[in-house]
Amino acid sequence: MAKQIDALMKVRDLPVGFTAKPGSTLEFKTGDWRSMRPKLDRGKCSYCGFCYIYCPDGVYQDMGKDEKYYKPDLDYCKGCGVCAQECPKHCIEMVLEEV
Amino acid sequence: MAAKPVGMEVSIAVSEAVMLCDADVVAAYPITPQTHIVEHLSELVADGKLDAAYIPVESEQSAMSSCIGSSAAGARTFTATSSQGLALMNEMLYRAPVLRTPVVMVIANRALSAPINIWNDHSDIMSVRDAGWVALFAENGQESLDMTILSFRIAEDPRVSLPLSLNIDGFTLSHFIEPILLPTREEVRAFLPPFRPIVKLDIADPISIGLLGTPESYTEARKATDDALTASKQVVSEAFAEFKKHFGREYRVVESYRAEDAETILVMMGSIAETAMTAVDEMRDRGEKVGIVRLRLWRPFPVEEFKAAVRHAKNLAVIDRHMVLGVPDGPVALEVKSFLYADEVRPNISNYVLGLGGRDVTRDDFWHITERAKQPGAGQRPRYELVGVME
Ligand code: SF4
Ligand code: SF4
């Protein structure tokens with residue numbers, strides 16, 4: 001497993017030269033920076049895919065032809081609100097992230 | 001080893017040493033007074049005498065970026081610069097130590113602007129003294145060549161794996177023709193093992209370098225680098241001992257000249273010590289108990305060795321080649337004073353700044369400084385003396 005250098009780490013446990021194995025972002029969940037999260041009203045969604053295209057972090061997953069909506073991976077959504085701004089149906093609301 | 005020394009410009013000797021060390025990559029931008037070093041290296045590469053990639057970059061920032069990349073890829077990497085060129089590298093200079101890329105860089109020391117000045121002092125290296133590089137100072141031509149060979153051995157030692165700057169005074173060393181003993185390629189190969197990087201960019205085993213360090217890891221990453229730099233002192237001493245076995249010439253992290261029984265010790269770095277030795281000989285002939293302690297290793301600062309060399313002195317005259325504007329001590333004096341502060345018995349320390357922007361440093365200056373350092377109250381002066389300033 002790739003060593004994580006975002007978590008608290010002792011000096012002697014740091015990788016020499018402060019390096020990381022590829023793919024370590026899989027374990028580096030950037031979503032915890034978020035203060036607002038997108039909330040979808042599926043009833044209004046037209047499945048146009050704008051949210052999927054515009055999300056700068058590429059966190060929307062296509063739920064397929066049966067479900068007909070896109071779902072953000074909240075492990076990585078940083079809460080920027082771009083999807084809510086771009087959605088032509090105004091069916092994404094940014095709500096406060098409760099801890 | 002060639003039995004007889006040959007007359008050679010020191011810059012050329014440094015480039016020949018880089019060739020003898022089989023450097024793989026040279027990325028550099030020419031700047032006075034470093035120019036002859038990189039010019040000659042480009043000739044050596046063009047003539048097929050050095051099998052290296054010579055990257056003629058468009059700026060020093062690119063030079064250092066290229067050097068860090070090529071070193072991380074496992075190539076023995078060399079560059080050289082001076083003054084404004086070093087300043088333009090600044091952003092990259094702070095990265096190389098944390099990434100543990102053992103780039104070797106010769107700095108032909110020159111004053112920083114303004115006013116624009118191409119001549120020698122130590123303001124360039126002092127502006128990057130905290131970057132985390134190992135820093136050595138050479139005194140003469142032979143030392144410049146020997147230290148270049150040693151630089152690769154020290155920097156690339158897997159226990160060190162840190163970038164290293166070798167400081168040679170601009171013009172007073174870089175442009176002087178001196179008698180040089182040139183070793184053979186075989187002798188250098190016997191001394192300098194092939195570069196085996198401890199951090200390597202390798203397609204077969206990929207890694208990311210140059211990462212973000214969050215508040216959770218930045219402190220620890222800085223500490224790890226400081227630990228590595230501090231520990232490198234031992235390797236420097238070992239490399240000097242090994243060098244003596246191979247080439248017969250002996251070097252120490254702190255050098256002393258007639259200082260063993262000296263009441264007054266002049267502390268300095270670089271080529272002015274050659275002039276100072278002549279002055280000390282003259283003063284000794286008149287019965288003056290004076291000597292020299294010269295820092296060859298500036299980073300990591302060899303605190304214990306320095307203290308041992310000056311312990312017995314009554315007066316310490318610390319000579320700086322750079323002004324810390326807004327502070328009443330030069331950079332070397334600031335550190336020396338802080339290291340000795342906690343000692344119960346410490347010498348009277350006075351500070352002298354001279355030789356700025358290429359102003360000549362003469363034997364008379366050392367006579368003057370020795371007199372001043374002996375005066376009652378020398379250790380209590382509130383600020384350094386700017387020797388020879390016209391007020
Ligand atoms: S808030 Fe930003 S990061 Fe999160 S899903 Fe929307 S566009 Fe993507
Ligand atoms: S942009 Fe709006 S309407 Fe289009 S798929 Fe996304 S949520 Fe649905």
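**Terms and the values behind them**

Modeller: Let me start with Ala114(B), which lies in the loop between strand 5 (104-109) and helix 6 (123-126) of chain B, where helices (H or I, at least four residues) and strands (E, at least two) are DSSP runs, numbered from the N terminus. This is a predicted model, in which local features need pLDDT of at least 70 and side-chain atom pairs count only at pLDDT 80 or more, while totals for chains, interfaces and linings use all residues. Residues are numbered from 1 along each chain as its sequence is written, chains are lettered from A and ligands numbered from 1 in the order in which they are written, and side-chain values use heavy atoms, with hydrogens and water left out.

Colleague: What is the phi of Phe18(A), and where is its place?

Modeller: Phe18(A) has a positive phi of about 55° although it is not a glycine, and its place is in the segment before strand 1 (36-40) of chain A. Most residues other than glycine have a negative phi.

Colleague: How do you know that strand 6 and strand 12 of chain B pair?

Modeller: Two strands pair if DSSP finds at least two bridges between them. Strand 6 (residues 134-137) and strand 12 of chain B have two bridges, in the antiparallel sense, so they meet that cut-off. One bridge links Leu136(B) to its partner Leu297(B) in strand 12. These strands belong to an open sheet of seven strands in chain B, ordered 3-2-4-5-7-6-12, with mixed pairing. Its edge strands are strand 3 (53-56) and strand 12 (297-299), each of which pairs on one side only.

Colleague: And in the sheet of six strands, why is one side of strand 9 and of strand 15 of chain B left without a neighbour?

Modeller: The order of that open sheet in chain B is 9-11-10-13-14-15, and its pairing is mixed. Strand 9 (254-257) and strand 15 (385-386) stand at the edges with a single partner strand each, so one side of each has no neighbour in the sheet. Further in, strand 10 (residues 264-268) and strand 11 (residues 290-295) of chain B pair in the parallel sense over five bridges, and Leu266(B) has Ile292(B) as its bridge partner in strand 11.

Colleague: Which residues are the closest to ligand 2, and what makes a residue part of its surroundings?

Modeller: A residue is near a molecule if one of its heavy atoms lies within 4 Å of it. By that rule 14 residues surround ligand 2, and the closest are Cys45(A), Cys48(A), Gly49(A), Cys51(A) and Cys87(A).

Colleague: How many residues of each class does the shell around ligand 2 have?

Modeller: The shell has eleven nonpolar, two polar and one charged residues.

Conventions. Ala, Val, Leu, Ile, Met, Phe, Trp, Tyr, Cys and Pro count as nonpolar, Asp, Glu, Lys and Arg as charged, and the others, Gly among them, as polar.
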